[in-house]
Each structure stands twice: as C-alpha cells, then as structure tokens.
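Biologist: Could you show me how to read the features of a protein model, one at a time?

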Amino acid sequence: MTSLIDREDFWNTLTRKQDAWDVVIIGGGITGAAILYQAALHGLSAVLFEQKDFAWGTSSRTTKMVHGGLRYITQGDLKLTKQSVQERDHLLRAAPGLVEQMDFLFPIRKGQLPGKLVLNSLLAIYDKLAGTTSHGYLDEKKLKLRIPALNADNLKGASYYTDAVTDDARLVLRVLHAALHQGALAGNYMQVQKLLLDQSDNVSGVQVNNITNGKSLHIRARTVVNATGAWSDSLREPVSGERTIRPLRGSHIVIPHQYAPVTDALTLFHPQDKRAVFILPWEQTTLVGTTDLDHKTSLSIEPEISQAELNYLLTLVKQQFPGSDLQKEHIISSYAGVRPVISKDRSKPPSKEKREHKVWQDKNLISVSGGKLTTFRLIALDVIGIILQNIKPEVTVDENSPPLETATTTERDLALDNPGLSRRLIGSYGNYSLQIKQNARGGELRPITTTRFCLAELRWAARQEAVVHLDDLLLRRTRLGLLIPGGAASQLDSIKTICQEELGWSDAIWKSEKQRYLHLWAKHYSLPKTHSNKVV
C-alpha cells in the first residue's frame, strides 16, 4: 500500500505532470479528502492541495460526533436526518475502532421544555429514519446510578438513544490514505495562489505554491474543485461575483474526566439561551461544546475560544455537575473551529441556520460548502456526479461506493496484549496498523500517560504522514496536545527523539519547532488571555 507520499516526490511528480489532471481539488478537510477518494474510485486522475495541514480547519475541530442531527427533524429536514443516520451506519461498519457507537442522554427536569413526551416522539422518528430501535427512557433512579454526579435538582429521568463518535482528524487521514491507495495524490502546505483561466475566462487550473520551498507551479486540469469550506468565498467570489458563506465559530473545552464523569454523551439545554450543548467522554477526558456564533475574525488567523465562550461552557458544567468545583485552571485545553454555513440572511440566529451542503458551478470551477461531517460521502458523490457529467458522461456515479477502505487487518493479525489498543489502531490506521507495530521500538506501544495514544503512532506518522510541523503531529496525527496538560509539554523529550530520527530534525530545528508549537498552543488551544464580559 502507498502511504502519504514524500513531499519531495510529490513535488517532482507535479513538475512532470502539470497538464494531465482530470481534477484538481483545493482543500484538505473531510470534504476534499472524500472527493479525492471518490474521484479515484471513478477512474479520474486527481490531485489535492491543502494550504496548511490536512484536517487543519473545521475537520479537526468538531464535537467528534457522527450523527443524524435531531434538531434537523424539528426544522422539518427529514431528508438530511435520514441521509445522516444512514451514512453513520455505513461508517460504523466501515471503520470500527474509529467510528464507535455511544449512547446519548437527554436529562429531563421538572418544568423543562421539551419534556419526555416530545423528546421520545422525536427519538421515535429518528429511529424510524435509521431503521433501528435504540431509544428509551431512564427513570430518576436508573439515571442517578448511571451518572451519580449529575445535579439531582428537579431531575425526573432521561430520554436516550444511540449515535456515534469519532476522531475527526484521523477520519480525514483514513479517507486520504484510501484515495492514495487508489492512485490519487495529495499534498499539504501547498497553497493555491490563484486560479488559471483559459481564453474564454473559464477556470483551467491553478497556480500552486510549495510553502516549504517557495517554488510555484501552474497545474492544468479539466475541472477544479473548491472544497475549502469556510474559505470557499475567497476562491469563488472572483469568478461568481457572490458570497454565500456565513462563518460560524464553535468552541470546545477539554476537562479532566473527574469534573464531569460521564460514560455517555449528555445533550443539555444551556440555561442561558436554551441551545443544545454536549458533554461527552472523549479519549479518557470529557469534552464540552459547542458554542455557535458569528466568526468575525479573519479566517487567515487560527480560531480560538473567547472569554465569553469559555464562561458559557463553564456555566453549563457547573450547573450540571455542581459538586465538581471545576475551575478554569483545571481545563486541559480548548479548541475552536469555523463552520461553513450557507446563508444570505444573516439576521437569523446562528443555531437556527440549516446545515445542508450546496454545490455551485462557475466557469468550470465547482465549489462545494456546508454540510456535516457525517455526510461527507454523499457530498463527494454530488460533486463527482457533476464532474462526470462534464468530462466523462459515459461514466455513471456509483451510489454504493464506500466512504473509505475497510481494513482487512484483524486484532489477531496484530497480536497485541491490549485488545483495546488493537481495535483503536486498526480503526485509526487501517492496514497500516501492522506497520506501526513492526516499526515500534521498545516500550513504544504503551499508552502515553493517561491517554490511549502511544509513541509508536507518532513514529509512524512522522515517517509516513507528511508531517511538517510539530503541531501536525500533536494536534492532528495524534491528539496529545489536546489531552495532556500544557499541550503535552511533559512528553516532548520522548517526542524529540522520534522527530530527530524520523524527520531528520537537527537540535536547532527541534528548538524552533518546539518554541513555535508551545506559542501556538498557548495562543489558540489554552485559555483566552483577555477578559470580557460580553455574552455569547
């Protein structure tokens, strides 16, 4: 199998093949990766460019849920809900160990709206759309046994159902690996500086800049796809003359598990604005989010949680787990992402905006934005259908094409003493999990502190997954920077050895990367340094 190609080899291939592409895809999040994979499956020559790192944007900053979205039922969008739960089930079958089932609970208190009757009715519709029966009700006694630390005031019980969760960044990498295995190419830190036009002013390719060496190339293609999410207007507006994306920020905090000890995901209505916010177990910690507000900062700057958002999320945790005494200093990390929501009416509250995707064609530029993590396969197939109609009408879209390649490696093949680690490695890395085991040095398959990650993963990712910066390794290839206090600063000595052995970093490069990473983490993944009383 082919891994993510060496960056020098990638650039050399581009130099030799500047005029022979069916599809150039701009954007290395889940949508771009899925379009790349589906393009390769449908016999198209395809290459993807990402200006930063793979999954750097929204696709590594979600609430980690693969779900249908109950609120879309209340908005009357049964089609999106049905599609989402069907895609969720595809992913559960295709990537066990990466996409995993989880129970979701709605605690119900006296006087709360919606109450048990409405919630159970919604859940019955949800199950019917999914073709399953997973919902039910826990009375107060059973709920307290399940979540003893939950605030007992006016508690009546909880409605529940089953959905799924994932590591969003690793999901992107799994899909990218599948695309490369089918013959496609992808490069990170490759910035598309401008669109190339033919004599009729139709888009005919891109000018791409290799950020690591400063070189540029003109790459010609029969079709160019703009899959840059929240950034899509910057490429599309010069061609189409319109802007359609409303960037909405969602922020999260990661806290030690003991401050909100949950084994299931809780869907809670925030006391401030009655929005649904989640508290769920994630990688041995507890994840709290998300907020939903207009993002008015430049998209060129990495997003970060605001003081008001931090207070908003802390308020919820303290309300639901009053005995935990959670304080700001207990927070392990934070992260923020920008959702690409399609909207022309900015007067509507952010949480009322619909999340469906849309595809535009403008002078041979195909742009796609909006949508949900869960429905990435369907979004990609919509784009592929248009591409095939334009350049290969004799080829039809395979509506049954898989979301990614299912691993053939089994836990028995890995033969690790830790079954949980085996399942997670196969889920996260597919058949490459065997390489991770084979390349591991002594002790590198043991969990790092309280996480489920191990040094063997960092070693393999550094060697095989186009790592350019330390944050690529700690925030996206693994999530150590979000799970260990201080951005995993306590583990950097061990990580230094791996980076020097696998990436060839000198002491000077390591020092520079370490300083860069710790500064970035403190600015964008820690707590806000400015104080504000502004309400979210």
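Biologist: What should I know before I start?

Modeller: This is a predicted model, where local features need pLDDT of at least 70 and side-chain atom pairs count only at pLDDT 80 or more, while totals for chains, interfaces and linings use all residues. Residues are numbered from 1 along each chain as its sequence is written, and side-chain values use heavy atoms, leaving out hydrogens and water.

Biologist: Which residues of helix H8 are buried?

Modeller: First the general idea: an α-helix has 3.6 residues a turn, so residues three or four places apart point the same way. Helices (H or I, at least four residues) and strands (E, at least two) are DSSP runs, numbered from the N terminus. Buried means under 20% relative accessible area, exposed over 50%, and partly exposed in between, with a 1.4 Å probe and protein chains only. In H8, residues 232-240, the buried ones are Ser232, Asp233, Leu235, Arg236 and Val239. They cover an arc of only 165° around the axis, which puts them on the same side of H8; the arc is that of the directions from the helix axis to the C-beta atoms. On the face turned away from that buried side, H8 carries the exposed residues Ser234 and Pro238.

Biologist: How do I read two helices that pack together, such as H15 and H17?

Modeller: Look at the axes, which are lines fitted to C-alpha atoms, for helices over the stretch in contact; angles run from 0 to 180 degrees between N-to-C directions. H15 (residues 470-477) and H17 (residues 492-503) pack at an angle of about 115°, and their axes are 11 Å apart. Leu470, Leu473 and Leu474 of H15 make the contact with Leu492, Ile495 and Cys499 of H17, where contact means heavy atoms within 4.5 Å. By class, the residues of this contact are 6 nonpolar, no polar and no charged. Here Ala, Val, Leu, Ile, Met, Phe, Trp, Tyr, Cys and Pro count as nonpolar, Asp, Glu, Lys and Arg as charged, and the others, Gly among them, as polar.

Biologist: Is H15 itself enclosed or open to the outside?

Modeller: In H15, 8 of the 8 residues are buried, so this helix is largely enclosed by the rest of the structure. Its buried residues pack against H7, H12, H14, H16, H17 and H18.

Biologist: What can the backbone angles tell me?

Modeller: Most residues other than glycine have a negative phi, and most peptide bonds are trans. Glutamate 283 has a positive phi, near 50°. This glutamate 283 sits in the loop between strands S13 and S14 and is buried, with a relative accessible area of 11%. Threonine 449 also has a positive phi, near 45°, and lies in the loop between H13 and H14. At 47% relative accessibility, threonine 449 is partly exposed.

Biologist: Where is there a cis peptide bond?

Modeller: The bond from glycine 289 to threonine 290 is cis, with omega near 15°. Threonine 290 belongs to the loop between strands S14 and S15.

Biologist: Finally, which residues does methionine 102 touch?

Modeller: Methionine 102 lies in strand S4 and is buried, at 13% relative accessible area. Not counting residues up to four places away in sequence, methionine 102 touches Tyr161, Thr162, Asp163, Ala164, Val165, Asp264, Ala265 and Pro281. Methionine 102 and aspartate 264 are 162 residues apart in sequence and 6.4 Å apart in space, C-alpha to C-alpha.
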